[in-house]
Amino acid sequence: MAPMLILASQSPRRRELLERAGIPFKVIVADVPEELAPRESADDYVRRLAQSKASAVPGELVLGADTVVVVDDQVLEKPADVEDARRMLQMLSGRWHRVLTGVCLKHGAQFELDVCETIVHFSALTEVEIANYVATGEPMGKAGAYAIQGAASKFIPRIEGDYCNVVGLPIALVYTLLKRAGVVAA
């Protein structure tokens, strides 16, 4: 019998995505500081954090993940406050940006590590639209200060890649890693 998957994340969105995909799991939150190292690329950053989260939690089968938004090579994580959310949304307005999620599956002593990238286009936003969206509180706690599955959906006319990745966990990639580890039947 395969071990129970442990999700090393407190993200309710990741939990919901795994539940919808029918992947059984339990949650043990990893306490890992999320700080970009000097000159660290966004890809390396999400890989490092995903592996650190998977490593920080005891268990035979642990899933770690981290998602960031990247615009002009600048990593946008969760906004620190309302002004930071406003700043991020102004940066995204009328532009394409990348959403990266590092995913690490620890299976025994082995690690399967990958990054999923989705390209997202934001419509041009007015200051009123930004203020109204920030006032909903939805941008807080979200990488890049938006939730594609929420009220921000009306600002996103096009994406290229995995929608679930933008929500916070590329389920198809997770399933592939579980198959590679021999945890699910192919």
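Reader: Leaving aside neighbours within four places in sequence, which residues is Leu169 in contact with?
Author: In this predicted model, with residues numbered from 1 along each chain as its sequence is written, local features need pLDDT of at least 70, side-chain atom pairs count only at pLDDT 80 or more, and totals for chains, interfaces and linings use all residues. Side-chain values use heavy atoms, leaving out hydrogens and water. With those sequence neighbours set aside, Leu169 is in contact (heavy atoms within 4.5 Å) with Arg14, Leu17, Leu18, Leu63, Ala65, Val103, Cys164 and Val174.

Reader: OK, and which residues touch the most other members of the largest nonpolar core?
Author: Leu18, Tyr146 and Leu169 do, out of 45 residues in that core. A nonpolar core here is a set of buried Ala, Val, Leu, Ile, Met, Phe, Trp, Tyr and Cys residues joined through side-chain atoms within 4.5 Å. Another core lies apart from the largest one; its 18 residues include Ile6, Ala50, Val57 and Val75.

Reader: Switching topic: where does Val70 sit?
Author: Val70 belongs to strand β3, residues 61–71 (strands are DSSP E runs of at least two residues, numbered from the N terminus).

Reader: Buried or exposed, and why?
Author: Val70 counts as buried because its relative accessibility is 4%; buried means under 20% relative accessible area, exposed over 50%, partly exposed in between, with a 1.4 Å probe and protein chains only.

Reader: Which residues is Val70 in contact with, again leaving aside neighbours within four places?
Author: Those are Ala42, His97, Arg98 and Leu100.

Reader: What separates the C-alpha atoms of Val70 and Leu36?
Author: A distance of 13 Å, with the two residues 34 apart along the chain.

Note on methods: Helix = DSSP H or I, 4+ residues; strand = E, 2+ residues; numbered from the N terminus.
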